[in-house]
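I opened my notebook for a look around this model. Here is what I looked up, step by step.

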Amino acid sequence: MIYLDSHATTPVDRRVLDAMLPYFTEHFGNASSRNHAYGWQASKAVERAREQVAALINVRFRDVIFTSGATESNNLAIKGLAARAPDNRRHIVTVATEHRAVLDSCRAVERQGFRVTRLGVDACGRLDLQQLAESISDDTLLVSVMSGNNEIGVLHPLGEVARIAHARGALVHCDAVQSVGLLPLDARALEIDLVSLSAHKVYGPKGIGALYVGRTTSPLGPLDLAPLIDGGGHERGYRSGTLNVPGIVGFGKAAELCRESAATEAPRIGALRDRLWSSLSRTLEGMRVNGPLDGRLPQNLNVRIEGVHGEMLLKGVASDLAVSSGAACATASAEPSHVLLALGLDEEAARASIRFGLSRFTTEDEIDAAATKVTAVVQQLRAGRAAAVSSQRGI
Ligand SMILES: *Cc1c(COP(=O)(O)O)cnc(C)c1O
């Protein structure tokens, strides 16, 4: 079985698991216990992990808050900021191709009376910066733009986005889940105010994430968020609840491993992705890449295969290959992907698309085997279709 669905999740790296294990049994203390060594030890491990995660995006460790994952981080960034917004800042700008956790959080604050602008993208998924600038007004609170798209891999120019937003006094949030494992993100240099991260997309455990909350003083005053979860005031009051110490330790280790390996891993994985595309496009007709050829996450390939239903293809390869359709949670009856529709694809083209996500553990042999399998199943499906058409015509 070949796993090529790393945008959905990644396996926990062995070294991450080894770092976590003692914190389940031996060092099981509550990081908030102030009166004994169990608590001190857990707290020390959490603070070390906070430094490791902060280093991944070059921010101060004190500004990183641990959450249950990027879904929560996105909710906290958008809803938490909206709840503390001044009356004259009730507009949010985002992009039609963002992750559901961003789009649905925006929808929620819209129901509370906020205006939300959802920017369209070009046929490759790219933002128009001119249009972005025009969409921002004096009442814009926040601009939320992801770093790399989880379906089509397109990268957005975050530095420019931040410059444009800040010029009008708006804050910037970035869902950086998909890019940080392989591509550098210097949130401090780019002056991004809020960054969402998730451990399980970078070879850490599921159920742990982070939100960077910058201390940039904007025309709005110091950045402040209303918590989604009230309680003992953990995580500077932004996120109460006993800390998931093993998860946090694993996230820290995963972040450190990514930081150490990104410079060699990004070109290696990018080259494997290019190899997959060239072998598919060489052997099969009617293949198109969804998203740009350049300016793309190294681990991402999303292709549309003319005349082939994506679900049929996925079913055909399922015994050997774990890949997914463009749609994040697709079943035969599910809506086609909102990201692919935003590129201007019609439903049929969106449904003819599949997404490959490569990982740290992907090998050249796996890529070659995957290409062979996909090619064989596509040819089979096309032959079946041709035969069906012929028999309809009575040939
Ligand atoms: C997976 C993903 C999320 C959600 O992260 P969880 O930690 O699973 O909640 C958010 N944004 C993007 C871009 C993702 O790929």
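I began with the ligand's oxygen atoms in this predicted model. An oxygen atom of the ligand sits 2.9 Å from a polar backbone atom of Ala70. For Gln178, I found a polar side-chain atom 2.7 Å from an oxygen atom of the ligand. Ser198 also brings a polar side-chain atom to 2.7 Å from an oxygen atom of the ligand. I then looked up the cover: on its own the ligand has 380 Å² of accessible area, and the protein covers 87% of that.

Next I listed the surroundings. The residues around the ligand include Gly69, Thr71, His99, Met146, Asn150, Asp175, Val177, His200 and Lys201. Sorted by class, this shell holds 7 polar, 3 nonpolar and 2 charged residues.

My next entry is about backbone angles. Most residues other than glycine have a negative phi, so I looked for exceptions. Asn58 is not a glycine, yet its phi is positive, about 50°. I found Asn58 in the loop between helix H3 (37-56) and strand E2 (64-67).

Tyr203 belongs to the loop between strand E7 (194-198) and strand E8 (209-213). Is Tyr203 buried or exposed? With a relative accessible area of 9%, Tyr203 is buried, as the cut-off for buried is under 20%.

Terms used:
Residues are numbered from 1 along each chain as its sequence is written. This is a predicted model: local features need pLDDT of at least 70, side-chain atom pairs count only at pLDDT 80 or more; totals for chains, interfaces and linings use all residues. Side-chain values use heavy atoms; hydrogens and water are left out. A residue is near a molecule or strand if one of its heavy atoms lies within 4 Å of it. A polar contact is a pair of N or O atoms within 3.5 Å; within protein, one must be able to donate a hydrogen and the other to accept it, and residues adjacent in sequence count only if both atoms are side-chain atoms. Accessible areas come from the Shrake-Rupley method with a 1.4 Å probe; for residues, only the protein chains shown count as cover. Ala, Val, Leu, Ile, Met, Phe, Trp, Tyr, Cys and Pro count as nonpolar, Asp, Glu, Lys and Arg as charged, and the others, Gly among them, as polar. Helices (H or I, at least four residues) and strands (E, at least two) are DSSP runs, numbered from the N terminus. Buried means under 20% relative accessible area, exposed over 50%, partly exposed in between (1.4 Å probe, protein chains only).
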